[in-house]
Amino acid sequence: MNNTELKKRLSIIIESPSANINDKLLKICQFLDQEISYFNWTGFYFKNGNKDELILGPYVGASTDHTVIPYGKGICGQVAVSNQTFVVPDVMAQDNYLSCSVETKAEIVVPIMKNGENLGQIDIDSHTLNPFTDEDRALLEWICEKVAGLL
């Protein structure tokens with residue numbers, strides 16, 4: 001399925017008038033998990049009030065011990081500081097990687113920005129080395145723009 005078709009289907013989830021935000025976020029995770037074979041853990045983290053830490057939101061995949069991540073720690077914590085998408089083709093090559101699963105080989109984290117503020121991020125882990133394409137990055141950045149509009 002190409003990005004145009006994925007965006008059409010995701011728009012239905014995002015624009016659904018009946019679902020609350022957490023339901024929509026979970027449905028986004030479930031959809032990405034089902035439609036993109038190398039997305040093996042898909043979840044959202046959000047800024048925890050005025051603390052410099054992230055808390056785990058809706059996700060699909062193996063359970064994680066990383067329910068709270070301090071800013072600067074791991075890939076998610078780095079994105080919370082940099083406000084930039086971070087693509088990690090090989091997590092073993094990263095010094096500041098927080099391992100969620102021994103099966104994770106690659107990760108992409110995209111910030112959710114609104115009015116210049118980082119509200120959270122989408123985090124994708126893959127069991128495949130270097131799987132993420134420019135199309136994946138563009139799709140995830142589009143999703144984060146849409147999610148920012150819900151927050």
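This briefing covers the cores, a helix pair, the aromatic rings and selected residues of one structure. The model is predicted, so local features need pLDDT of at least 70 and side-chain atom pairs count only at pLDDT 80 or more, while totals for chains, interfaces and linings use all residues. Residues are numbered from 1 along each chain as its sequence is written, and side-chain values use heavy atoms, with hydrogens and water left out. The largest nonpolar core has 28 residues, α2 is roughly antiparallel to α4, and the structure holds six aromatic pairs.

**Terms**

- Helices (H or I, at least four residues) and strands (E, at least two) are DSSP runs, numbered from the N terminus.
- Buried means under 20% relative accessible area, exposed means over 50%, and partly exposed lies in between (1.4 Å probe, protein chains only).
- A contact, or touch, means heavy atoms within 4.5 Å.

**Nonpolar cores**

- A nonpolar core is a set of buried Ala, Val, Leu, Ile, Met, Phe, Trp, Tyr and Cys residues joined through side-chain atoms within 4.5 Å.
- In the largest core, of 28 residues, those with the most contacts inside it are L10, I28, L32, F44, L140 and I143.
- Two or more residues of this core come from each of α1 (3-14), α2 (21-35), β1 (41-47), β5 (106-114), β6 (117-126) and α4 (134-150).
- The element that gives the most to this core is α4, with seven residues.
- Not counting residues up to four places away in sequence, L10 touches I28, F31, L32, L139, W142 and I143.
- Another core, of 13 residues, lies apart from the largest one and includes Y45, L54, I75 and V88.

- L140 is placed in helix α4 and counts as buried, at 0% relative accessibility.
- Not counting residues up to four places away in sequence, L140 touches L32, F39, I108, V110, I122 and I124.
- L140 and L32 are 108 residues apart along the chain, and their C-alpha atoms are separated by 9.8 Å.

**Helices α2 and α4**

- Two packed helices are described by the angle between their axes and the distance between the axes.
- The axes of α2 and α4 come within 11 Å and cross at roughly 170 degrees.
- That crossing makes α2 roughly antiparallel to α4.
- Axes are lines fitted to C-alpha atoms, for helices over the stretch in contact, and angles run from 0 to 180 degrees between N-to-C directions.
- Angles under 35 degrees count as roughly parallel, over 145 as roughly antiparallel, 65 to 115 as roughly perpendicular and the rest as oblique.
- On the α2 side the contact is made by I21, K24, L25, I28 and L32, and on the α4 side by L139, L140, I143, V147 and L150.
- By class, the contact of α2 with α4 has nine nonpolar, no polar and one charged residues.

**Aromatic rings**

- Rings of Phe, Tyr and Trp (its six-membered ring) pair if their centres lie within 6.5 Å; planes under 30 degrees apart count as stacked, over 60 as edge-to-face and the rest as tilted.
- Y38 and F39 form an edge-to-face pair, at 5.6 Å centre to centre and with 75 degrees between the planes.
- Y38 is partly exposed, with a relative accessible area of 21%, whereas F39 is buried, with 1%.
- Ring pairs link Y38, F39 and F132 into a cluster.

- In helix α3 (residues 74-82) the buried residues are G74, I75, C76, G77, V79 and A80.
- These buried residues pack against β1, β2 (53-60), β3 (68-70), β4 (86-88), β5 and β6.
- N83 lies in the loop between α3 and β4 and takes a positive phi of about 60 degrees just after α3.
- N83 is partly exposed, with a relative accessible area of 29%.

**The loop between β6 and α4**

- N130 is found in the loop between β6 and α4 and counts as exposed, at 52% relative accessibility.
- Phi of N130 is near 45 degrees, a positive value in a residue other than glycine.
- L129 also lies in the loop between β6 and α4.
- Leaving aside neighbours within four places in sequence, L129 is in contact with P89, D90 and K105.

**K114**

- K114 is found in strand β5 and counts as partly exposed, at 27% relative accessibility.
- Leaving aside neighbours within four places in sequence, K114 is in contact with L119, A148, G149 and L151.

Note on methods:
Ala, Val, Leu, Ile, Met, Phe, Trp, Tyr, Cys and Pro count as nonpolar, Asp, Glu, Lys and Arg as charged, and the others, Gly among them, as polar.
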